[in-house]
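Please open the structure in your viewer and keep the selection tool at hand.

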Amino acid sequence: MQEQLIRSKNLQWRNIIQLTEEKLVRLQKQYRFHDLDLEDCLSKTESPKLEEHDDYVFVLLHFPLKDVRTEHISIEAVQIFIGQHYLITLSSGKLKALEDFFQHLRHKHREKHEVFQKGSGYLLYLLINKLFEIYVPYLYQLHRTIREIEADLFEGKILKDRLYDIMSVKRQIITLKRALLPHSGIIKSLEQLHKRFISKELELYFDDVGDKITRGKANLEEMQEMITTLRDANESLTSHNTNRVMKILTVISVTILPLTFITGLYGMNIDLPFSATKVTQVLHDLENVPLGQNGIFNRLINSKFVIQLDAPHL
């Protein structure tokens with residue numbers, strides 16, 4: 001566990017990484033946090049939540065985190081306790097935006113003084129605003145990937161089935177929607193939460209965060225619709241390409257069918273007309289060559305010259 005602290009005359013921000021049960025017990029004794037809020041800090045909660053108490057507010061938020069090796073997006077939780085003279089954040093330490101903002105205020109003394117002077121509610125707004133900017137690069141990358149898939153499908157650059165890429169994008173959209181959408185209610189509650197440390201003047205600030213969530217939701221809905229359309233287009237193009245290949249193979253099969261019949265006929269151990277010609281010898285050779293290997297096509301090419309040599313005998 002690691003704990004970092006920024007302190008001013010009337011306000012302190014405690015940033016705790018990798019919370020332990022022992023530390024949680026000490027926090028409960030010091031601040032008298034509710035047992036259910038502490039339980040949420042140690043367990044994996046499926047959705048964001050906000051709990052209002054007499055002298056503090058507990059907020060649990062979710063944010064995406066991508067594994068650079070597997071490209072898999074997981075959801076990281078941030079727990080926040082806010083009172084009149086304190087703000088406590090609990091996290092795994094993996095969210096760079098949280099750590100960067102903390103260190104920024106820690107080293108920018110003038111800015112820290114200006115922020116802390118406005119109270120814990122304003123500090124909460126700045127923190128939440130920074131955290132929701134985490135979603136922006138994910139939305140941008142998804143939009144870029146969708147455009148690349150669209151270009152491959154509709155501009156004739158497709159060299160392979162893009163179904164795996166399409167389903168990967170759909171999974172990322174689902175994960176981001178599951179993380180982002182429930183926050184609309186949380187931010188709305190913060191707007192209407194008029195306490196000593198979250199004043200009515202902050203309503204417009206939290207409304208701005210709510211607008212960010214609304215725009216992110218609209219972008220995800222649009223991208224989900226686009227990727228569904230691209231999936232249908234990919235299936236149509238794949239089916240079309242399969243039919244084209246089958247058509248070519250059918251033409252080849254029909255072309256080779258007479259040759260297969262003749263080679264089978266002259267392969268029987270009976271006397272047939274022209275059985276002593278070079279053409280017959282070629283047919284015997286073709287009979288022993290597996291169809292589909294390069295040798296059969298070379299024989300077909302060379303047999304034209306042989307047939308020309310034997311033409312007078314026909």
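Begin by selecting Tyr-125, which counts as buried because its relative accessibility is 9% (buried means under 20% relative accessible area, exposed over 50%, partly exposed in between, with a 1.4 Å probe and protein chains only). The model is predicted: local features need pLDDT of at least 70, side-chain atom pairs count only at pLDDT 80 or more, and totals for chains, interfaces and linings use all residues. Residues are numbered from 1 along each chain as its sequence is written, and side-chain values use heavy atoms, with hydrogens and water left out.

The ring centres of Tyr-125 and Phe-206 are 6.1 Å apart and their planes stand at 85 degrees, so the pair is edge-to-face. Rings of Phe, Tyr and Trp (its six-membered ring) pair if their centres lie within 6.5 Å; planes under 30 degrees apart count as stacked, over 60 as edge-to-face and the rest as tilted. Tyr-125 belongs to helix 5 and Phe-206 to helix 9, so this pair ties together parts 81 residues apart in sequence. Helices (H or I, at least four residues) are DSSP runs, numbered from the N terminus.

How many aromatic pairs are there by this rule? The count comes to 16. Among them, select Tyr-122 and Tyr-205: their ring centres are 5.8 Å apart and the planes lie at 85 degrees, so this pair is edge-to-face. Tyr-122 is in helix 5 and Tyr-205 in helix 9 (residues 203–266), 83 residues apart. Tyr-122 is buried, with a relative accessible area of 15%, whereas Tyr-205 is partly exposed, at 36%.

Now display helix 5 (residues 120–132) together with helix 8 (residues 183–191); they pack at an angle of about 160 degrees with their axes 13 Å apart. Axes are lines fitted to C-alpha atoms, for helices over the stretch in contact, and angles run from 0 to 180 degrees between N-to-C directions. The two helices, helix 5 and helix 8, are therefore roughly antiparallel (angles over 145 degrees). To view the contact (heavy atoms within 4.5 Å), select Leu-124, Ile-128 and Phe-132 in helix 5, which meet His-183, Ile-187 and Leu-190 in helix 8.

Finally, select Tyr-31, Phe-33, Tyr-56, Phe-58, Phe-81 and Tyr-86, which ring pairs link into a cluster.

Definitions and conventions
Angles under 35 degrees count as roughly parallel, over 145 as roughly antiparallel, 65 to 115 as roughly perpendicular and the rest as oblique.
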